[in-house]
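Please keep the sequence and the model in view while reading.

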Amino acid sequence: MVVSLKNIFHCALFLVLCFFGIAGVYILLSAEFLAAVQVLIYVGAITILMIFAIMLTAKLYNAKIRQSNEQIFPGLIIVAALLVATIFTLSRTAWKLSYEVAEVQSTVGIGKLLLTKYVLPFEVVSVVLLTALIGAIIIARRE
Amino acid sequence: MVGLNHYLVLSTILFCIGIFGVLTRRNAIGILMSIELMFNAVNINFVAFSKFVTPTDFVGQIFAIFVITIAAAEATVGLAIVLLIYRNFKGINVDNINIMKW
């Protein structure tokens, strides 16, 4: 739906639905913190940003414009080949599964690890976010 | 019982849908949305491996958080570029934007 609908605004709304589904997948995988982060950041921030951009670039979201280019059939073939190859490979791979159960909740574990072992990447990522923010403002500013 | 392979197949399908979107969309915002789909597929992979292969430490989930952060940064900068393109070209169809071709 996200990639095939004519109206780009409907695509953004289906993207919200898809993000909610993925948050459900995270809950099934017992990653509750990630599910919350997914809903907050993807549904709350990124999709709103997309919708803002769609609104700002108005007159393009009327449904008359053809939304896909002439590469549909080569694209379909390539993607189908990739899908079949990947599923074939991962159905023949023997993963080293482990059936232990974590002794702490995922939120507790993530919080402890983020502020002890992974504190340097954490800070670097915050600097990257700040840089992206400033860069986006500078790019989109009118001269 | 839902196993590791089910999650991997799900994320493969999602990734392929994302690639298909990137290949066939004409709208730059649609391409950015497809990229977000691909980020999500990768995140499902990380969390699934973290659950099924190393369940006692949360390295996969922490990496997924970093991926989400970078995805947010990427979406911000990408949409700013899209707005700039819209202002210069009066449109955001990527097949009209060919000033870097020779």
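At what angle do helix 3 (residues 72-92) of chain A and helix 1 of chain B pack, and how far apart are their axes? In this predicted model, the two helices pack at an angle of about 160°, and their axes lie 9 Å apart. Two packed helices are described by the angle between their axes and the distance between the axes. The points below begin with each chain and then turn to the places where helices meet.

**Chain A**

- Chain A contains five helices and zero strands.
- From the N terminus on, the elements of chain A follow one another as α-α-α-α-α.
- Chain A has 143 residues, of which 22% count as buried.
- Of the contacts in chain A between residues at least 6 apart in sequence, 54% link residues at least 24 apart.

**Chain B**

- Chain B has three helices and zero strands, and its pattern along the sequence reads α-α-α.
- The radius of gyration of chain B is 17 Å, whereas a compact globule of 102 residues would have a value near 13 Å.
- The C-alpha trace of chain B spans about 50 × 25 × 25 Å along its principal axes.
- In chain B, 51% of the 102 residues count as buried.
- Among contacts in chain B with a separation of 6 or more, 49% are between residues 24 or more positions apart.

**Two helices packed within chain B**

- Helix 1 (residues 4-24) of chain B and helix 2 (residues 28-52) of chain B have axes that come within 8 Å and cross at roughly 165°.
- Because of this angle, helix 1 of chain B is roughly antiparallel to helix 2 of chain B; the cut-off for that description is an angle over 145 degrees.
- The crossing of helix 1 of chain B past helix 2 of chain B is left-handed.
- The contact of helix 1 of chain B with helix 2 of chain B comprises 18 nonpolar, seven polar and no charged residues.

**The contact between the chains**

- Chain B contributes 57 residues to the contact, and chain A contributes 63 residues.
- On the side of chain B that touches chain A, helix 1, helix 2 and helix 3 (59-89) of chain B each supply at least two residues.
- Helix 3 of chain B gives the most to this side, with 20 residues.
- By class, the side of chain B that touches chain A has 38 nonpolar, 14 polar and five charged residues.

**Helix 3 of chain A against helix 1 of chain B**

- Helix 3 of chain A and helix 1 of chain B are therefore roughly antiparallel to each other.
- Helix 3 of chain A passes helix 1 of chain B in a crossing that is right-handed.
- The residues of helix 3 of chain A in this contact include A:Ile72, A:Leu76, A:Val79 and A:Leu83.
- Among the residues that helix 1 of chain B brings to this contact are B:Asn5, B:Leu8, B:Thr12 and B:Phe20.
- This contact of helix 3 of chain A with helix 1 of chain B has 14 nonpolar, six polar and no charged residues.

**Helix 2 of chain A against helix 2 of chain B**

- The axes of helix 2 (residues 32-56) of chain A and helix 2 of chain B cross at roughly 170° and come within 11 Å.
- That angle makes helix 2 of chain A roughly antiparallel to helix 2 of chain B.
- A:Leu34, A:Ile46, A:Met50, A:Ala53 and A:Ile54 in helix 2 of chain A meet residues in helix 2 of chain B, namely B:Ile29, B:Leu32, B:Met33, B:Glu36 and B:Val47.
- The contact of helix 2 of chain A with helix 2 of chain B divides into nine nonpolar residues, no polar residues and one charged residue.

**Two residues of chain A**

- A:Ile8 lies in helix 1 (residues 8-28) of chain A.
- A:Ile8 counts as buried because it has 25 C-beta neighbours inside 10 Å, and the cut-off for a buried residue is 20 or more.
- A:Ile8 and A:Gly135 are 127 residues apart in sequence, and their C-alpha atoms are 26 Å apart in space.
- A:Val128 belongs to helix 5 (residues 119-140) of chain A.
- A:Val128 has 16 C-beta neighbours inside 10 Å and so counts as partly exposed.
- Leaving aside residues up to four places away in sequence, A:Val128 touches B:Ile70 and B:Ala73.

Technical notes:
Residues are numbered from 1 along each chain as its sequence is written. Chains are lettered from A and ligands numbered from 1 in the order in which they are written. This is a predicted model: local features need pLDDT of at least 70, side-chain atom pairs count only at pLDDT 80 or more; totals for chains, interfaces and linings use all residues. Axes are lines fitted to C-alpha atoms, for helices over the stretch in contact, and angles run from 0 to 180 degrees between N-to-C directions. Helices (H or I, at least four residues) and strands (E, at least two) are DSSP runs, numbered from the N terminus. Angles under 35 degrees count as roughly parallel, over 145 as roughly antiparallel, 65 to 115 as roughly perpendicular and the rest as oblique. A crossing is left-handed if the near helix is turned anticlockwise from the far one by less than a right angle, and right-handed if clockwise. Ala, Val, Leu, Ile, Met, Phe, Trp, Tyr, Cys and Pro count as nonpolar, Asp, Glu, Lys and Arg as charged, and the others, Gly among them, as polar. Two residues are in contact if their C-beta atoms, placed from the backbone, lie within 7 Å. The radius of gyration is taken over C-alpha atoms; the globule rule is 2.2 Å times the number of residues to the power 0.38. A residue is buried if 20 or more other C-beta atoms lie within 10 Å of its own, exposed if 12 or fewer, and partly exposed in between; C-beta atoms are placed from the backbone.
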